Amino acid sequence: MTLRWKRWAAIVAAVLAVYALAGFVVVPWVAKSQIATFGNEKLKRRLDVADVRFNPFTLRAEIAGLKLAEANGTPLAGIGRMDVNMQWRSLLGAWRFDEIRVSDPALNLFIAPDGRFNFAELAQALSTDEPSQPKSRELPGIVIEQLVVERGRVDVTDKQAGYA
């Protein structure tokens, strides 16, 4: 090999190493911190995640132990594990997913004695977040080839008068 080819091979190897480092280490770290920030700032609730993994070569993300709770710690929702397989052609247009698999999702629906519904309050926190901004561009289309939800649970507690 000539020196020129060795130099190009070293550059390609360095670019791949940086891409791998960013994908395997930086993306999960940023995602984990942004999930907590979103919960605190936007939802006004606790949003925790146990583990985030991302493979930049296959575009596969794994999220484990996602839990949404009221500020006082009362659980609202959770996901045991979520696997997302994105297609490479998503980078060129519509977001395309081979599969999204959600395992052990849980919802805790609660109606207070005064009739307040916990998820209505959550939706209100999202909608009153900030004044509507003009759209800078439209969202891309989303195509999900396969959606799997397994072992889900919904608990409903109604404390309204006459239903306790």
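This is a predicted model: local features need pLDDT of at least 70, side-chain atom pairs count only at pLDDT 80 or more; totals for chains, interfaces and linings use all residues.
Local features need pLDDT of at least 70 and side-chain atom pairs count only at pLDDT 80 or more, while totals for chains, interfaces and linings use all residues. Numbering starts from 1 along each chain as its sequence is written, and side-chain values use heavy atoms, leaving out hydrogens and water.

**View 1. Helix α1 crosses helix α2.** The axes (lines fitted to C-alpha atoms over the stretch in contact, with angles from 0 to 180 degrees between N-to-C directions) of α1 (residues 3-43) and α2 (residues 118-127) come within 9 Å and cross at roughly 90 degrees. That makes α1 roughly perpendicular to α2, a label for angles of 65 to 115 degrees. Helices here are DSSP runs of H or I, at least four residues, and strands are runs of E, at least two. On the α1 side, F38, K42 and L43 meet L122, A125 and L126 of α2, contact being heavy atoms within 4.5 Å. By class, that's five nonpolar, no polar and one charged residues.

**View 2. An aromatic pair joins Y19 and F57.** This pair is edge-to-face, at 5.5 Å centre to centre with 65 degrees between the planes; rings pair if their centres lie within 6.5 Å, and planes over 60 degrees apart count as edge-to-face. Y19 sits in α1 and F57 in the loop between β2 (51-55) and β3 (60-69), so the pair ties together parts 38 residues apart in sequence. The structure holds three aromatic pairs.

**View 3. Strand β5 gives the largest share of the largest pocket's lining.** That share is three residues. By class, the lining splits into six nonpolar, five polar and four charged residues.

Notes:
Angles under 35 degrees count as roughly parallel, over 145 as roughly antiparallel, 65 to 115 as roughly perpendicular and the rest as oblique. Ala, Val, Leu, Ile, Met, Phe, Trp, Tyr, Cys and Pro count as nonpolar, Asp, Glu, Lys and Arg as charged, and the others, Gly among them, as polar. Rings of Phe, Tyr and Trp (its six-membered ring) pair if their centres lie within 6.5 Å; planes under 30 degrees apart count as stacked, over 60 as edge-to-face and the rest as tilted.
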